[in-house]
Amino acid sequence: MSETSTGLKKETAAALSYLLGPITGVIVLVLEKDEYIRFQAMQSIVVFISLFVLHWVLGITVILAFLLPLVSLVSFVLWLVLIYKALQGEKFQVPFLGKYVTKLL
């Protein structure tokens with residue numbers, strides 16, 4: 001069992017980076033040095049900020065506002081999947097955004 005600089009298991013720290021989206025993502029990114037955990041934290045930041053912007057754009061666009069419930073449902077399911085994959089120790093990349101995260105790190 002590998003522990004991180006914060007004393008948590010690697011998988012637990014990675015899953016915690018998704019807990020409150022970009023907020024915990026930034027905290028974990030600053031505190032941890034492990035490559036796997038930093039990837040998960042950066043992915044949390046990029047994915048949830050992107051979803052926030054998408055939600056905001058749909059909200060101000062009257063014609064596309066009917067898509068808001070669908071985006072919210074997809075966001076919630078994605079959040080659960082990302083936490084589960086991180087707890088399993090799997091380096092799951094969100095399509096399109098995962099490659100961007102790799103370039104950022």
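1. Please keep in mind as you read on that the model is predicted.

2. What does the side chain of Lys91 meet? It forms a salt bridge with the side chain of Glu35, at 4.0 Å from N to O. This pair links distant parts of the chain, since Glu35 belongs to helix H3 (residues 35–60) while Lys91 lies in the loop between H4 and H5, 56 residues apart. Is Glu35 buried or exposed? With a relative accessibility of 59%, Glu35 counts as exposed.

3. How many salt bridges turn up in a search of the whole structure? There are two. Besides the Glu35 and Lys91 pair, the side chains of Lys85 and Glu90 meet at 3.4 Å, N to O. Lys85 has a relative accessible area of 22%, so it is partly exposed. Glu90 is also partly exposed, at 36%.

4. Now for a residue away from the solvent. Ser17 sits in the loop that runs between helix H1 (10–16) and helix H2 (22–31). Why does Ser17 count as buried? Because its relative accessibility is 0%, and the cut-off for buried is under 20%. Leaving aside residues up to four places away in sequence, Ser17 touches Thr24, Gly25, Val28, Gln40, Ala41 and Ser44.

5. Some of those names come back in helix H2, where Thr24, Gly25, Val28 and Leu29 are buried. Looking down the axis of H2, you will find these buried residues within an arc of 135°, so they line one face of the helix. What do the buried residues of H2 pack against? Their partners are H1 and H3. On the other side of H2, Ile23 and Val30 are exposed.

6. A word on confidence to finish. The protein has a mean pLDDT of 91, with 98% of its residues at 70 or more. Which element has the lowest mean pLDDT, and which the highest? Helix H5 (residues 97–104) is lowest with 88, and helix H4 (residues 68–88) is highest with 95. Lys91, where these notes began, is in the loop between those two helices.

Technical notes. Residues numbered from 1 in each chain as written. Predicted model: local features only at pLDDT ≥ 70, side-chain atom pairs only at ≥ 80, totals over all residues. Heavy atoms only, no water. Helix = DSSP H or I, 4+ residues; strand = E, 2+ residues; numbered from the N terminus. Buried < 20%, exposed > 50% of the residue type's maximum accessible area, 1.4 Å probe, protein only. Contact = heavy atoms within 4.5 Å. pLDDT = per-residue confidence, 0-100. Arc of directions from axis to C-beta.
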